Amino acid sequence: MDIVVCVKTNPDLQMVRVKNREAVVEAVPYKLGDLDKNALETAIQLRDAAGGTITAVSVAEGNRKIRETIKEALAMGADSAAVVDDPALAGADPAAVAAVLAAAVKKLPGCDLVLFGEGSTDNYSGQVGPRVAELLGVPQVGFARKVEAVDGAVRCERSMDEMIETLEVALPAAVTVVSEINEPRIPSLMHIMKAKSKPVEEWTLADLGVDAGAVAARREIVSNLAEEQDRKHVLFEGSAAEQADAFVNALIKEGVLGR
Amino acid sequence: MEKVECIVVGGGLAGLSAAYGLADAGVEVMVLERGDYSGAKNVTGGRLYASPIRSFYPELWEEAPFERAVARELVTMLGDGAQTTIEVASDRFTADPPQSYTVLRARFDQWLAEKVGEKGGMVVPNMKVDALLREEGRIIGIRAGEDEIGADVVIVAEGVLRLLSSEAGLAAEPVDRDHALGFKEVIELPPGVIEDRWHLNPGEGAAQLFLGNVTDGMLGGGFLYTNKESISLGVVVGMKAMRERAEKAKPQDASESYQLLDRFKALPQIRPLVAGGTVAEYSAHAIPEGGIAAVPKLAGDGYLMAGDAAGLALNALITVRGMDFAIASGYYAAEAVKAAKARADFSAAGLAGYEASLRGSFVLKDLQTASQIPAFMENPRLFTHYPRAVSRLLEQIYTVGPGPTPGLFKTAWGGIRRDFMNTGTVKDAWSARRI
Amino acid sequence: MSDESTMKIDAKLGLDVFKLDKEPHIVIDTEVCRTLCVDRACLYVCPASLYELDDTGRMTVNWEGCLECGTCMICCDKRALTWKYPRGPYGVQYRMS
């Protein structure tokens, strides 16, 4: 099975500080998205069980750190990679990214399965997977927590509120996975060293035959601020029992505790 | 076994400096750094003396992400309720080029790692080395997880704790007598406030050391460095002194070392310096303070030791250095490996140029000059009696009470006789002649 | 973040990034602590205040908040500690310092 895993480079959110409600991203490392790692791990397990190849594909969106991220994907176990980098992609929105990814998948020699994380670690729009499936005209399963290869198809399991749904889709198909699906491997030093010599294709929009106008952002980010927490600063006085009573009453009044 | 020409264990300043020189010369070099990035596990007080290292890699320092060029040097002696500060400002401290800069490591080391990458060196983050591989007395590579990777030469720049080199028998395990604990808060303040508080021109910085009422009589002191948009405020305290204190402590004494910083920060003399600031990070690190006597063998068959791992740091009371030594030792390590490669001899003999260069440079010369300082600093009077006595003397000179005030000379002489003319001080002065 | 002049040590550690491994990187031989050690230097020296005696008097360490300075290891002259650095992606990650 030839698999394409679409991956994105994200600032390591745990390392982001907030100062005056703004995120401080200076000196924050960029990493392969957490859920993208789950998708890649899924691909590695499918390939190791059934053979085939894995290509990691990423869209640069004007971010030069993409090269490091792609190396991470290759070190984990992708066989090759393709990066689409074009100045026109700065500020690309999910629709544009999906259009570029779909064009990239079409350009690759063969693809049976396209895997995604259910959303990106940073913006988490969750749109790109379904959009790519639509553009490629292939069936899509979202939020898979198990993916198995069966003859000419994949069988996916997903958790619906009170039941587990099992779906089988004929290949080619697109699947997005959730974090419970697996524990992504940490690349070993040997794999990191070997990743250096794995092939990486570099494409521009022109290489894919995508018009720069088609990826112009149709979305404007108006503000991106940390939530402000407002505390009530209520101090309860009296004996411990009185304080506890007053505290519980206040919580009931706030609707935090039910009557 | 997979093999590269040179493996550098540790992507701090010593390791990166070595890798930069090697990559620049076309040597295949791989730096293994256990943090998320270079600088993620590092802590500095924070000042880097640039003058000693400017001639190495001169192209680098113009664009280095320093915080502020240090224009003002302050030493504060904290007595009981009285303090004395000596402040030195010199045009020459910040003349083109400035002699020293404040630094924050997350930013600085990451930048240097990028420069190594640009030269073609490979820096692998998140990669902890688990062992140095030894075969017939020779270091032949490293083990990381399941993987063993060979190398013609391993540059051991693993940092002060020497976990790997001591396990491999290349150096002794660190001991309390030769180490101090440093811990600090990075406190954010607007640049204008920093410049007002320390009387600085925009972009200039101050370095302030504190002796006396900081470490509860233990070897050590306080420090304050102004960064671009924050200050680094911390305490350094000798490990041996801390351990002796723990030995003497009564069971009900629940005091802990971290509280030294809180008490320091709460002093009426310090409060106005940090007022309005927001604590953004808390960090701690061990510091090599054993001086030249604690420097291990610097090279052997297949390996070199650099930076803190080699004990290359110097606390000379007024000047505290380590990062310049790290960068210099990395530079000389790279030179030695290049020479060894040219002769295809990575034995102890082939790498002997390393120690020779360090001996010929400021690194071991300055450590040699300061060889008596560690013993001198074990004198607790330095951290108790003298800061108090100086401040008490000056306080009395400046005091006008309700009654008649004695003459200046009488006050001064009385104070000097009381606190400085005794056998203890004479002995201390005698031992100070060698520092 | 706080602008209090002094903060609780837990609040200070809360400013730092810790990436948690499942395995501890500091292991205490509590038998050594119990039988050989009276000074308990670790309780004093740790700048993150991670060492504690539990209700039964057994030494414990909250290794998750470790700043990886190594002071406890150097100061433990009874050699009760097996002290390693955390594995690659784990442990404290400084963003300034």
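Predicted model: local features only at pLDDT ≥ 70, side-chain atom pairs only at ≥ 80, totals over all residues.
Visitor: How do you know that chain C and chain B are in contact?

Guide: Contact means heavy atoms within 4.5 Å. By that rule, 46 residues from chain C and 56 residues from chain B take part. The two chains bury about 4400 Å² between them, with 55% of it on carbon and sulfur atoms. C:Tyr44, C:Met96 and C:Ser97 supply 20% of the area that chain C buries against chain B, more than any other three residues.

Visitor: Why is the pair C:Arg79 and B:Glu173 called a salt bridge?

Guide: The cut-off is 4 Å between a side-chain nitrogen of Lys or Arg and a carboxyl oxygen of Asp or Glu. In C:Arg79 and B:Glu173 the closest N and O atoms are 3.1 Å apart. That is within 4 Å, so the pair qualifies. The count between chain C and chain B is 7 salt bridges.

Visitor: What else links chain C and chain B, counted as residue pairs in polar contact?

Guide: The rule finds 28 residue pairs in polar contact across this interface, both residues at pLDDT 80 or more. On the chain C side, α1 (9-13), α3 (41-45), α4 (71-75) and β6 (91-93) each supply at least two residues. By class, the residues of that side divide into 24 nonpolar, 10 polar and 12 charged.

Visitor: What makes up the secondary structure of chain C?

Guide: Chain C has 4 helices and 6 strands. Along the sequence they follow the pattern α-β-β-α-α-β-β-α-β-β. The C-alpha trace spans about 40 × 35 × 25 Å along its principal axes.

Visitor: How many of the residues of chain C count as buried?

Guide: Chain C has 97 residues, and 59% count as buried. The cut-off is under 20% relative accessible area. As for contacts in chain C between residues at least 6 apart in sequence, 64% join residues at least 24 apart.

Visitor: What makes phi of C:Arg40 worth a look?

Guide: Phi of C:Arg40 is near 55°, a positive value in a residue other than glycine. Most residues other than glycine have a negative phi. C:Arg40 is found in the loop between α2 (30-36) and α3 of chain C.

Visitor: Which residue of chain B has phi near 50°?

Guide: B:Glu136 does, and again the value is positive in a residue other than glycine. B:Glu136 sits in the loop between β8 (131-135) and β9 (138-144) of chain B.

Visitor: Is B:Glu136 buried or exposed?

Guide: Relative accessibility is 81% for B:Glu136. Exposed means over 50%. B:Glu136 therefore counts as exposed.

Visitor: Why is A:Ser223 called exposed?

Guide: A:Ser223 has a relative accessible area of 53%. The cut-off is over 50%, so A:Ser223 is exposed. A:Ser223 lies in the loop between α6 (205-208) and α7 (240-253) of chain A. Its C-alpha atom is separated by 34 Å from that of A:Asp207, 16 residues apart along the chain.

Visitor: Why is the bond from A:Leu171 to A:Pro172 called cis?

Guide: Omega is near 0° for that peptide bond. Most peptide bonds are trans. A:Pro172 is found in the loop between β12 (163-170) and β13 (173-177) of chain A.

Visitor: Where is B:Pro97 found?

Guide: B:Pro97 is in the loop between β5 (83-89) and β6 (100-102) of chain B. The peptide bond from B:Asp96 to B:Pro97 is cis, with omega near 0°.

Visitor: How do you know that B:Glu229 forms a salt bridge with A:Lys19?

Guide: Their closest N and O atoms are 3.2 Å apart. The limit is 4 Å, so the pair is a salt bridge. Between chain A and chain B the count is 4 salt bridges. There are also 6 residue pairs in polar contact, both residues at pLDDT 80 or more.

Visitor: Which elements give two or more residues to the side of chain A that touches chain B?

Guide: They are β3 (17-19) and α5 (189-195) of chain A. The largest share, 6 residues, comes from α5(A). By class, that side has 8 nonpolar, 2 polar and 8 charged residues.

Visitor: What do chain A and chain B bury between them?

Guide: They bury about 1600 Å², with 59% of it on carbon and sulfur atoms. A:Leu189, A:Met190 and A:Met193 supply 36% of the area that chain A buries against chain B, more than any other three residues.

Terms used
Residues numbered from 1 in each chain as written. Chains lettered and ligands numbered in written order. Heavy atoms only, no water. Buried area = accessible area lost by both parts, 1.4 Å probe. Polar contact = N/O pair within 3.5 Å; in protein donor to acceptor, adjacent residues only side chain to side chain. Nonpolar A, V, L, I, M, F, W, Y, C, P; charged D, E, K, R; others polar. Buried < 20%, exposed > 50% of the residue type's maximum accessible area, 1.4 Å probe, protein only.
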